[in-house]
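Student: I would like to learn how to read a model of this kind, feature by feature. Could we begin with a residue and its surroundings?

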Amino acid sequence: MPTGQPVDLILQCYADQAVVRVGSRLSPVRVARPLTITGLRASLVLADQSPVETGGLRLDVKVNGASMLSAPLLIKPGQLSSRAAGIAQPVISAPAIPDDAEISVDVVAEGLGARGLRVMLVGNYA
């Protein structure tokens, strides 16, 4: 693919009916060429059922073991996406992904009963 060509990378961290649990290095994948990440989001098949005051499901996206975000990505209780209204998005503090780097996901707070977690990274070939 030529430099600048758009790319979407979807990491399925938990199967559709699998309950999301705290875990490290989920869905590790090595990139086949350098990327620049311009956006990301997470989604669920079944929303977190915990009380709103618990804060919801929180996750981190890592490149070679280091966070690429300024803060954890959040999916609020009752929501199916990190892009739902009222959810502040973290800054992508390390958008450049080098060739052969490993991208993975850590769930740092699981909520209650959330199922089917996916993380989507949007960017361009560098």
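Tutor: Let us begin with D106, which touches G23, S24, R25, R58, L59, D60 and K62 when residues up to four places away in sequence are not counted; contact here means heavy atoms within 4.5 Å. The model is a predicted one, in which local features need pLDDT of at least 70 and side-chain atom pairs count only at pLDDT 80 or more, while totals for chains, interfaces and linings use all residues. Residues are numbered from 1 along each chain as its sequence is written, and side-chain values use heavy atoms, with hydrogens and water left out.

Student: Where does D106 lie, and is D106 buried or exposed?

Tutor: Burial is read from relative accessible area, where under 20% is buried, over 50% is exposed and anything in between is partly exposed, with a 1.4 Å probe and protein chains only. D106 lies in strand β8, and its relative accessibility of 10% places D106 in the buried class. Strands (E, at least two residues) and helices (H or I, at least four residues) are DSSP runs numbered from the N terminus.

Student: Which polar contacts does the side chain of D106 make?

Tutor: A polar contact is a pair of N or O atoms within 3.5 Å; within protein, one atom must be able to donate a hydrogen and the other to accept it, and residues adjacent in sequence count only if both atoms are side-chain atoms. The side chain of D106 has a polar atom 2.8 Å from the backbone nitrogen of R25, and the side chains of D106 and K62 are joined by a polar contact of 2.9 Å.

Student: How many bridges join β3 to β9, and how many join β3 to β7?

Tutor: Strand β3 (residues 35-43) pairs with β7 (residues 96-97) in the antiparallel sense over 2 bridges, whereas 8 bridges join β3 to β9 (residues 118-125), again antiparallel. L35 stands opposite Y125 in β9 and has I97 as its bridge partner in β7, while T36 stands opposite A96 in β7.

Student: What lies over the face of Y125?

Tutor: A charge sits over a ring if NZ of Lys or CZ of Arg is within 6 Å of the ring centre and within 35 degrees of the ring normal. R33 lies over the face of Y125, at 5.0 Å from the ring centre.

Student: Where is R118 placed, and which side chain joins R118 in a polar contact?

Tutor: R118 has its place in strand β9, and a polar contact of 2.4 Å joins its side chain to that of D16. Apart from neighbours within four places in sequence, the residues in contact with R118 include L11, Q12, R41 and V45.

Student: Why would one look for a nonpolar core?

Tutor: In soluble globular proteins, nonpolar side chains tend to be buried together. A nonpolar core is a set of buried Ala, Val, Leu, Ile, Met, Phe, Trp, Tyr and Cys residues joined through side-chain atoms within 4.5 Å. The largest one here has 30 residues, of which L59, V61, I97 and L117 touch the most other members. At least two residues of this core come from each of β1, β3, β4 (57-63), β6 (73-75), β8 (102-109) and β9. With neighbours within four places in sequence left aside, V61 has contacts that include L40, M68, I103, V119 and L121.

Technical notes:
Two strands pair if DSSP finds at least two bridges between them.
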